[in-house]
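Welcome to this short tour. Open your viewer, and let's take the stops one at a time.

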Amino acid sequence: MLKRRPTIRDHSAEANLFARRAFVGFIFILALVAILLSNLYKIQVDDHQDYQTRSNDNRIKVIPIAPNRGLIYDRNGVLLAENKPVYNLEVIPEEVDDLTASLKSVSEIIEITEQQQADFLDDIKHTRRFKSQVLKARLNENEVAMFSVNQHKFPGFSIEARLARYYPFGDTLTHALGYVARLNRKELNKLEQQDEATNYRATHDIGKLGIEKYYEPMLHGKVGSQRVEVNNRGRIIRTLSMVPPQPGDDLVLTLDIGLQQIAQHALKDMRGAIVVLDAKDGGVLALYSNPSYDPNLFVHGISSKDYKALLNPDRPLINRTTQGRYAPASTIKPHMAILALEENIVQEETTMWDPGFFQIPNVEHRWRDWRRWGHGHVDVYKAIEESCDTYFYDVAYRMGITKISNFMARFGFGELSGIDIHEETTAILPSKEWKEARFKENWWRGDTISVGIGQGYWTATPIQIANATNILVNRGINHPPHLVQVAKKEDQITQLNNEEKPPVVLNNEDNWRIAIDAMHNTVKKSTGTAHRAFKGATYDPAGKTGTAQVVSIAQGERYDADALKERQRDNAIYVGFAPFDSPQIVVSIVVENTGGGSSVGAPIARQLMDYYFAANPIQSTGDKAP
Amino acid sequence: MTALHDKRSIWLRLHIDLPLLIALLLMMAGSITIVYSASGQDSAMVIRHVTRMAGAIIGMFVLAQIPPATLKRLVIPMYCFGLLMLVGVLLFGVSSKGAQRWLDLGITRFQPSELMKLAVPMMVAWYIGRNQLPPRPLHLIIGFAVVMLPTLLIKEQPDLGTSILIASSGVFVLFLSGLSWRLIGFLSSVVALAAWPFWHYGMHDYQKQRVLTFLDPESDPLGSGYHIIQSKIAIGSGGIEGKGWLQGTQSQLEFLPERHTDFIFSVLSEEFGLFGVCVLLSLYLFIIGRGLYIAVNAQDAFGKLLAGSLTLTFFVYIFVNIGMVSGLLPVVGVPLPLISYGGTSMVTLMAAFGIIMSIATDKRMLLK
């Protein structure tokens, strides 16, 4: 049939052939549709769960929300650290067509330094292009206004408000409050180790110093989160659900900002430290170290110029109240007197003759009294009131370093006071063991003599001196110093730091009275070293002056302030408390290189106490009431 | 009986095949629904889409009025004009997205490859249909040359999708004309052997990349694999019932690329699930079945071959597009016929259906 080609077309054969081919074609199509369907069935039914998950992963993002940091108040409810909105100029790079050109024209409206531009360009290399990046932080009102009217010219540029820490009292509280600043890599690693990194996912700043650092876990709060639906460019379309962040605890300090300001004004431009304690519970009423600096500089990243300025010889970065190591000098004479009485080295009525110097038998060296001609007949009262050195050279020599060292350790010397900031040093309470470890030398008998008047190897911080005085005026009761009294979370109030340390117990409790009376006389009696400063006070104060030598004066020479370089002049020290019979406050003052404790230290104590008792009238006790 | 006959005769006189028209209109209604969702509820876009549809329907209606005999006379001029234009495109064409497909005629842009989608099967059907079926080897060779010339010109633009569609439309004519199975087997082996040199010398880098990505889309999730992955996520997450109209997160949140054009099937799968897919495929199969029915009942060989080829080519669109978005085939730019947004393919497809209707109603006119 195929060989014989028909001249006339066989239409029915053609139709049959075509119909068969069309049928084969349709079967073929059905087979291919079956392949498509089986593949779609696999995707849509078998693997549905997997693709459902991936679809949700695509669109649902969990965005952390930073908690608001807890606020800090003083004891009277004055706000000391707050969160203030700051306005930053931010840019979403993907929305800007020509970044270089836009940066140029924006900087014609708002001043943006080349450094800021370079930092910004560097930042955006490391982040997603739809994420907002800070171009300039902390715009002032004028800049906000200037940009706002021109905003339409800069798509992708916007002004964003964020909360940033602000310290309204600036340099008045720096050494107590500390500050927060940008969280760095090292801190992030530490948070990771503590399993806290998730909690900080949205947080920019962390406490770097002072209370802000010490109470970081309480102040920070708990991170919240928001489940949002995003589109393919990561832009948020809507919020699906939200777990609100828990704000950090608010802290109420024992500090009195008024008293703190008095302390700052009293020191003016003198280097020094002031600690005022609440005698009833060890709460710190004032803690000021001069010179100070503005903590707000650090919150937004301090410029290198500003930072260099802080590295000057006056060392404002040092917290002198807890890190300054000063010879406690005569302020520890009351403690030394108590030890001598406890050890029966002297009795209340024992007197000795002070020729103006002390000598170890058969040794030529003379330890001089501050009064070159001596104090004559001296008993324990007069020794404290007039701050007789010879008396204490003698008792110290007779007691020996070990007894002194052990006793003073019970008043907190040589160890951290436990105040709730991390910036603290133990200073040095000398002992035989200490000297051997430190200098690989034996303790000489002569080393003990100057320890008797709080000099020699002995150093202490102003907070230690205040604490030791506080223990004494409370007759052994030991309330360690602390800055924070209460943490507040919504309505829940937690008392903090109200624990006591084991008290100092004496064999003869009456010895407390002797030391306290003597410190009272120091102010009350006209011969007392602090008498002049407290003339006319409405309350009944007690205290002890101290003048600490910074350089040793060679044998036979006299201390001559004018001849010495400023940094080598004596430190003025004062400890005081009031009222003497029922102490409410204890002050400890160190002023560097200004000479006598009675002429410089005591007047500052007077200012502090005047302010305190004006604001807190003495609670009348039974015997004073009419 | 007569009443029924009279009723049908209205459509016959209008040269409309009613079952096919109804299926096409249902398809378009579906298209409007999905394009509205895929465009992100962009009414302006939907209005443009509907306008083009209206134009395409008119075009179909006009072509349906042209009897096959007239078409036969237009075959050679159409084909030659088309070839000339393709050469013109390669020489003076307008570039868009890295390919030269358009010819700027001043008033409008014209895509000659669309014309060839109709001209090639018409030319081959006319040439093969002139002689007794099955065709003799010489006719086959010439027929094959008629197909390959425009195919290669279009592949040079480059437009792989269209060249595949045009090549298959011509090859389908040869297949339907009774090309012997032995020859089909032999040619298939030659094609398989030729694939190797084609891979090395015949394909552009972006086409090779598509094939490689297709073989393992997860290897490049942010690059060229992204489209396939997002498409499969859209289809898979739709499940059996779908997420609901306008509720497809992959499409509404723009994770899915080319949502309203090449990847519109993924939008449909995501929002209407496997259920919607089955409805769509059933409708497609009905259209194909109807097309083949018309072809089988056509008056002459030209009509049979042309209607059959156009119908089978219609399926190539479907298979390549769905195969592509569901990860069975490499990414080749072929729209989902009658559903995807885009005027050109819609007009060409409806024109093809116009020709099919002309063939369908031609015989009945004679019978009358």
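Predicted model: local features only at pLDDT ≥ 70, side-chain atom pairs only at ≥ 80, totals over all residues.

Among the contacts in chain A with a separation of 6 or more, 74% are between residues 24 or more positions apart.

Keep the whole chain in view and switch to a cartoon. Chain A holds 22 helices and 21 strands. Now turn the model along its principal axes: the C-alpha trace of chain A spans about 160 × 60 × 55 Å. If you colour by burial, buried residues come to 40% of the 626 residues in chain A.

Next, zoom in on a sheet. Select β1, β8 and β9 of chain A: these three strands form an open sheet in the order β1-β8-β9, with antiparallel pairing. Which strands lie at its edges? They are β1 (60–65) and β9 (236–243) of chain A, and each pairs on one side only.

For background, strands of a sheet pair through backbone hydrogen bonds, either parallel or antiparallel.

Now select residues 224–230 of chain A, which make up strand β8. Six bridges join β8(A) to β9(A), and the two run antiparallel.

For the last stop, show the side chains of A:Glu229 and A:Arg238: A:Glu229 stands opposite A:Arg238, which belongs to β9(A).

Key. Residues numbered from 1 in each chain as written. Chains lettered and ligands numbered in written order. Helix = DSSP H or I, 4+ residues; strand = E, 2+ residues; numbered from the N terminus. Buried ≥ 20, exposed ≤ 12 C-beta atoms within 10 Å, placed from the backbone. Contact = placed C-beta atoms within 7 Å. Pairing = 2+ DSSP bridges.
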